[in-house]
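Biologist: I would like to learn how to read the features of a structure, one residue at a time. Could we go through a case together?

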Amino acid sequence: MKLKIGSIDYLLVIDDGLKREGSIGQCAYMEQEIRLCPSISGDKREATFWHEILHAIFNQIGEEQNEALIDRLSYQIHGVLKENASFYLCEHLLHVKDKA
């Protein structure tokens, strides 16, 4: 599956090799891949997905790869999107009335 992060297409890959490396996710900038370990699932997989997307974003904007900040942000983004899925789909955002 491909996803666009900024102006770059990344391929989402489930990678058995990450388990051997002791990692659950990786953003491979040069290969333009977001890699996830097959042994994680559910909320952990989803949060790891956002974690790796944030690495790609930080790389593109020239920000330092601050692992602690990226970790905190990934869980917060995941939580907001999961708990407010209908807003994430933007359907509701198009119909929000301005405060008069």
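Biologist: Which residues does Thr-48 touch, not counting residues up to four places away in sequence?

Modeller: A contact means heavy atoms within 4.5 Å, and by that rule Thr-48 touches Ile-24, Gly-25, Leu-36 and Ile-40. Please keep in mind that this is a predicted model, in which local features need pLDDT of at least 70 and side-chain atom pairs count only at pLDDT 80 or more, while totals for chains, interfaces and linings use all residues. Residues are numbered from 1 along each chain as its sequence is written, and side-chain values use heavy atoms, with hydrogens and water left out.

Biologist: Is Thr-48 buried or exposed?

Modeller: Buried means under 20% relative accessible area, exposed means over 50%, and partly exposed lies in between, using a 1.4 Å probe and protein chains only. Thr-48 has a relative accessible area of 5%, so this residue is buried.

Biologist: What does the side chain of Thr-48 reach?

Modeller: A polar contact is a pair of N or O atoms within 3.5 Å; within protein, one must be able to donate a hydrogen and the other to accept it, and residues adjacent in sequence count only if both atoms are side-chain atoms. Here the side chain of Thr-48 reaches the backbone oxygen of Lys-44 at 2.7 Å.

Biologist: Which residues does Asp-43 touch, again not counting residues up to four places away in sequence?

Modeller: Asp-43 touches His-78 and Lys-82, and the side chains of Asp-43 and Lys-82 are joined by a polar contact of 2.3 Å. Asp-43 is partly exposed, because its relative accessible area is 41%.
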